[in-house]
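Please look over the structure shown below before reading on.

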Amino acid sequence: MSWPVKFLVSIALLAAFIDCKHCIELGKDTWRHGGGSFERDGSNWIEYDNDMQRKATFAQTLDNGRQVLLADHDRGVSIVLQDGVAGINHNGGSQYEQLYKGSWAQGYDCT
């Protein structure tokens with residue numbers, strides 16, 4: 001490769017590296033389902049629809065590595081997020097019914 005081509009390739013790689021510093025790794029901060037997502041915002045979680053319109057806000061009450069438990073005390077609703085399924089509880093008991101099928105997000109968000 002000639003030096004001008006090497007120079008241009010180096011500039012392109014540098015630009016890509018600089019742009020990637022604004023990306024965030026997705027993981028246990030985003031749980032996606034067919035109708036939207038739950039996204040961590042500090043100690044709270046926000047539920048969004050597919051148009052990124054806020055649907056609800058929840059406080060995180062537990063993260064044991066397998067499940068994240070969320071609560072909206074004003075509405076008396078609890079949500080459990082785990083790989084494969086989200087459950088909902090309306091009555092404060094220990095039984096959850098399936099709310100969504102989904103999973104933890106993988107990859108990077110560079111928006």
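## A buried threonine and its surroundings

Thr30 is buried, its relative accessible area being 6%, where buried means under 20% relative accessible area, exposed over 50% and partly exposed in between, with a 1.4 Å probe and protein chains only. The model is predicted, so that local features need pLDDT of at least 70 and side-chain atom pairs count only at pLDDT 80 or more, while totals for chains, interfaces and linings use all residues. Residues are numbered from 1 along each chain as its sequence is written, and side-chain values use heavy atoms, with hydrogens and water left out.

Thr30 is found in strand E2; helices (H or I, at least four residues) and strands (E, at least two) are DSSP runs, numbered from the N terminus. When its neighbours within four places in sequence are left aside, Thr30 is in contact with Phe38, Glu39, Trp45, Ser103, Trp104 and Ala105, contact meaning heavy atoms within 4.5 Å.

## The strands

A closed barrel of eight strands runs E2-E3-E4-E5-E6-E7-E8-E9, with antiparallel pairing, and the twist averages 30° from one strand to the next. Here two strands pair if DSSP finds at least two bridges between them, and the axes are lines fitted to C-alpha atoms, for helices over the stretch in contact, with angles that run from 0 to 180 degrees between N-to-C directions.

| Strands | Bridges | Residues opposite each other |
| E7 (residues 77-82) and E8 (residues 84-89) | Five | Leu81 and Ala86 |

A hairpin joins E2 to E3 through two residues. The hairpin of E3 and E4 has two residues between the strands, and there Gly42 takes a positive phi near 70°.

## Aromatic rings and the core

How many aromatic pairs does a search of the whole structure find? The search finds four, where rings of Phe, Tyr and Trp (its six-membered ring) pair if their centres lie within 6.5 Å, and planes under 30 degrees apart count as stacked, over 60 as edge-to-face and the rest as tilted. The rings of Phe38 and Phe58 have centres 6.0 Å apart and planes at 50°, so this pair is tilted. Because Phe38 lies in strand E3 and Phe58 in strand E5 (residues 54-63), the pair ties together parts that are 20 residues apart in sequence. Phe38 is buried, with a relative accessible area of 0%, and Phe58 also counts as buried, at 2% relative accessibility. Trp31, Phe38, Phe58 and Tyr100 form one aromatic cluster.

A nonpolar core is a set of buried Ala, Val, Leu, Ile, Met, Phe, Trp, Tyr and Cys residues joined through side-chain atoms within 4.5 Å. The largest such core has 14 residues, of which Trp31, Phe38, Trp45, Phe58, Leu70, Ile79 and Leu81 touch the most other members. Its largest share, three residues, comes from E7.

## The chain as a whole

The protein chain holds one helix and 10 strands, and buried residues make up 29% of its 111 residues. Among contacts between residues at least 6 apart in sequence, 28% join residues at least 24 apart.
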